[in-house]
Amino acid sequence: MAGQTETRTMTVLQVRDTPAGAEVVFMESARIYRVGASDVAAAPWMALLRAAARQRRAVQVSLAGPDGELITQAGAPSP
């Protein structure tokens, strides 16, 4: 279904810059997630993802679709 999102809490292992944006690897998943380079709204939460990777900290991410690999938002995990 279009417009459907899924939210997960996962621990960031690595953030890699690519020409197409960034790839994010999480401890809880073998999948490589991505952030598009054209997503100008991503700058604040990309900083959060990079800090979380350095500290091996969990974040809450919203994905485009239930099986999506595109991260559309990230923030602190819900208590």
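This is a predicted model: local features need pLDDT of at least 70, side-chain atom pairs count only at pLDDT 80 or more; totals for chains, interfaces and linings use all residues.
**Group meeting: salt bridges, sheet and core**

Arg50 and Asp17 form a salt bridge, and their closest N and O atoms are 2.7 Å apart. Asp17 is exposed, because its relative accessible area is 57%, over the 50% cut-off. Arg50, at 29% relative accessibility, counts as partly exposed.

How many salt bridges does the structure hold? There are 4. Another one is between Glu69 and Arg34, with the closest N and O atoms 3.0 Å apart. This pair also links distant parts of the chain, since Glu69 is in the loop between strand 4 and strand 5 while Arg34 is in strand 3, 35 residues away. Glu69 is partly exposed at 35%, and Arg34 is partly exposed at 38%. One more is Arg8 with Glu6, where the closest N and O atoms are 2.5 Å apart.

In what order do the strands of the open sheet stand? The order of its 5 strands is 3-2-1-4-5, with antiparallel pairing. Strand 3 and strand 5 are at the edges with a single partner strand each, so one side of each has no neighbour in the sheet. On average, neighbouring strands are turned by 50° against each other, direction ignored. Strand 1 and strand 2 pair over 6 bridges in the antiparallel sense; Gln14, for instance, has Val25 in strand 2 as its bridge partner. Helix 1 packs on the sheet and touches strands 1, 2, 3, 4 and 5, its direction making about 75° with that of strand 1.

Nonpolar side chains tend to be buried together in soluble globular proteins. Here the largest nonpolar core has 19 residues, and Val12, Phe26, Leu49, Val61 and Ile71 have the most contacts inside it. Strands 1 to 5 and helix 1 each supply at least two residues, and helix 1 gives the most, with 5. Beyond its sequence neighbours, Ile71 is in contact with several residues, including Phe26, Tyr33, Trp45 and Val61.

Last, Gly65, in the loop between strand 4 and strand 5. Is Gly65 buried or exposed? Gly65 is buried, because its relative accessible area is 11%, under the 20% cut-off. Beyond its sequence neighbours, Gly65 is in contact with Gln4, Thr5 and Glu6. The C-alpha atoms of Gly65 and Thr5 are separated by 4.4 Å, although the two are 60 residues apart along the chain.

Definitions and conventions. Residues are numbered from 1 along each chain as its sequence is written. Side-chain values use heavy atoms; hydrogens and water are left out. Helices (H or I, at least four residues) and strands (E, at least two) are DSSP runs, numbered from the N terminus. Buried means under 20% relative accessible area, exposed over 50%, partly exposed in between (1.4 Å probe, protein chains only). Contact means heavy atoms within 4.5 Å. A nonpolar core is a set of buried Ala, Val, Leu, Ile, Met, Phe, Trp, Tyr and Cys residues joined through side-chain atoms within 4.5 Å. Two strands pair if DSSP finds at least two bridges between them. Axes are lines fitted to C-alpha atoms, for helices over the stretch in contact, and angles run from 0 to 180 degrees between N-to-C directions. A salt bridge is a side-chain nitrogen of Lys or Arg within 4 Å of a carboxyl oxygen of Asp or Glu. Lists of a residue's contacts leave out its neighbours within four places in sequence.
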